[in-house]
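Visitor: I would like to learn how to read a structure like this one. Can we go through it feature by feature?

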Amino acid sequence: MATPYDIDHLAEVGSTQDAASQRRAASGRATLVVADRQTSGRGRSGRVWLESDTAMYSSLALARPWPDDRLTLLPLATAIAVRRALAALGGVTVDLKWPNDLLRSGRKVGGILVEASGDDVVIGCGVNLTWSRPPSFAIAVHDDDANAIGARQLASGWVDELLRVLDAGPDDWPRSEYVDACTTLGSQVAWDGGTGLASTIDAVGGLVVETSTGTETVIAGDVHLRADL
Ligand code: BTN
């Protein structure tokens, strides 16, 4: 049975990551914090998270659900969960960029941040819901405000999907669903250790890359799509 969790919906917060972590520490229960605005939202590698006109900012704090050597799967499992929720609630199809980005029309519509803290993990997700003047690299789920999905509805939707995936266990995560939705595959990628053609995703969420010297697997870190390769 899926983990029960508390929900706290706030108008504004610094970062839902911190708020969820603090509430879980106080209650001892899994906690989802949803906010309509963040004043100091953060992305991976300490990057600032840009605010769209309306957005869903959400973080789920819970006990580490899987063994530590499978926690690399959490961003991917979460991406699948958010993708499913957007399809079910808004009829919107998003693509996935390994390991933590959600894309619409090739532009970033959402991102995932997984942070470990003691025996817990905090799984954060931000999705741009509406944005009248987005920067060139970003986009919102909806082109206008009409019928926009509610932040709380989307947050509960992805968390419920994720908890089902977590319950199934790390050996049964929906790898083929991820592979089908992942636009990184078939692209030339560059990372700190080299360049090559991204070919597939392995059982623990690593990106398998064909390089000039053989097959390599990238587990973490930034991978940049390079059109010039
Ligand atoms: C990334 O693309 O680098 C990950 C972005 C994650 C942003 C979300 S918004 C909700 C949660 N709270 C934060 O401060 N960050 C995550």
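Visitor: Start with a single residue. Is T200 buried, partly exposed or exposed?

Guide: Compare its relative accessible area with the cut-offs: buried means under 20%, exposed over 50%, and partly exposed in between. T200 has 26% relative accessibility, so T200 counts as partly exposed. This is a predicted model, so read the value as a property of the prediction.

Visitor: Which strand holds T200?

Guide: T200 is found in strand β9, residues 194-201.

Visitor: What is the C-alpha separation of V127 and L154?

Guide: Here 27 residues along the chain go with 9.2 Å between the C-alpha atoms. V127 lies in strand β7. Its relative accessible area is 1%, so V127 is buried.

Visitor: Now the ligand. How many residues surround the ligand, and which are the closest?

Guide: List the shell before looking at single contacts. The ligand is surrounded by 20 residues. The closest are S15, Q38, R42, R44 and K108.

Visitor: What is the make-up of that shell by class?

Guide: Count by residue class. The shell has 11 polar residues, five nonpolar and four charged.

Visitor: How much of the ligand does the protein bury?

Guide: Compare the ligand alone with the ligand in place. Taken alone, the ligand exposes 420 Å². The protein buries 98% of that.

Visitor: Which elements give two or more residues to the shell?

Guide: They are α1 (16-27), β3 (54-63), β6 (107-117) and β7 (120-130). The largest share, four residues, comes from β6.

Visitor: Q38 was on the list of closest residues. Where is Q38 found, and is Q38 buried or exposed?

Guide: Q38 is found in strand β2, residues 31-38. Its relative accessible area is 10%, so Q38 is buried. Check contacts within the protein too. A polar atom of the Q38 side chain lies 2.9 Å from the backbone nitrogen of T16.

Visitor: How many disulfides does a search of the whole structure find?

Guide: The test is a pair of cysteine sulfur atoms within 2.5 Å. The search finds zero disulfides. C125 is in no disulfide, and the nearest cysteine sulfur, that of C182, is 16 Å away. Read from the other end, C182 is in no disulfide either, with the sulfur of C125 as its nearest, 16 Å away.

Visitor: Are C125 and C182 buried or exposed?

Guide: C125 has a relative accessible area of 4%, so C125 is buried. C182, at 5% relative accessibility, also counts as buried.

Visitor: Where is confidence lowest and where is it highest?

Guide: Begin with the chain average, then go to the elements. The protein chain averages a pLDDT of 92, and 95% of the residues score at least 70. Confidence is lowest in strand β12, residues 224-225, at a mean of 54. Confidence is highest in helix α4, residues 175-181, at 98.

Methods:
Residues are numbered from 1 along each chain as its sequence is written. This is a predicted model: local features need pLDDT of at least 70, side-chain atom pairs count only at pLDDT 80 or more; totals for chains, interfaces and linings use all residues. Side-chain values use heavy atoms; hydrogens and water are left out. A residue is near a molecule or strand if one of its heavy atoms lies within 4 Å of it. Accessible areas come from the Shrake-Rupley method with a 1.4 Å probe; for residues, only the protein chains shown count as cover. Ala, Val, Leu, Ile, Met, Phe, Trp, Tyr, Cys and Pro count as nonpolar, Asp, Glu, Lys and Arg as charged, and the others, Gly among them, as polar. pLDDT is the predictor's confidence in each residue, from 0 to 100. Buried means under 20% relative accessible area, exposed over 50%, partly exposed in between (1.4 Å probe, protein chains only). A polar contact is a pair of N or O atoms within 3.5 Å; within protein, one must be able to donate a hydrogen and the other to accept it, and residues adjacent in sequence count only if both atoms are side-chain atoms.
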